[in-house]
Amino acid sequence: MEDHLNVKGHCHVCREEMTTIHTEVAGLDVFVCEKCLESAKQNFIWICVSCGSVYIRPKALVLKRLRDPRLKEAYRQCEDLQIIQGIEHCIECAPEKIVEYVAAAKSEKCGGHC
Ligand SMILES: [Zn+2]
Ligand SMILES: [Zn+2]
C-alpha cells in the first residue's frame with residue numbers, strides 16, 4: 001500500500017472518491033480511497049481481474065457460511081487484515097471457485113510471514 005502524492009485516480013471499489021492511495025491487486029494497479037480501505041476491515045473485498053467487478057462481503061457472514069474447517073481457518077487469519085484480493089473470475093464467471101481463490105491467495109501471500 002503506497003501513497004503517491006502526485007498520482008490521483010478514481011477509487012476502483014466505490015468508483016466515486018478520488019484518491020492517491022493505490023495498491024497492487026493481482027498485478028493490476030488499483031486505487032482505493034480511505035473509505036473503502038476502512039470498510040476492508042469489516043469486509044472481504046474481491047476484484048475480478050477479468051471484468052473488473054467488485055465484490056464486498058461482510059467477513060462475519062463469510063466466516064459463518066463456511067463449512068470447510070481448513071478454509072474457515074484461512075479466512076479467519078485474514079479477518080484482521082485490510083486486504084483487497086484479485087480473483088481471476090468473479091461469482092458470475094465461476095461461482096464455485098471464489099472461495100478457493102481466496103484460500104490460495106492467502107497461502108501465497110503469507111507463506112513464511114505469519
Ligand atoms: Zn472508495
Ligand atoms: Zn468476472
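Helices (H or I, at least four residues) and strands (E, at least two) are DSSP runs, numbered from the N terminus. By that rule the protein holds four helices and eight strands, and from the N terminus on its elements run β-β-β-β-β-α-β-β-α-α-β-α.

This is a predicted model, in which local features need pLDDT of at least 70, side-chain atom pairs count only at pLDDT 80 or more, and totals for chains, interfaces and linings use all residues. Residues are numbered from 1 along each chain as its sequence is written, while chains are lettered from A and ligands numbered from 1 in the order in which they are written.

Colour the whole protein by pLDDT, the predictor's confidence in each residue, from 0 to 100. The average is 82, and 78% of the residues score at least 70.

Next, select residues 21-25 and 28-31. These are strands β4 and β5, which run antiparallel and are joined by four bridges; strands pair if DSSP finds at least two bridges between them. Two residues lie between the strands, and alanine 26 in the turn has a positive phi of about 50°.

Move to strand β8, residues 84-87, and select glutamine 85. Glutamine 85 counts as buried because it has 20 C-beta neighbours inside 10 Å; the cut-offs are 20 or more other C-beta atoms within 10 Å for buried, 12 or fewer for exposed, and partly exposed in between, with C-beta atoms placed from the backbone.
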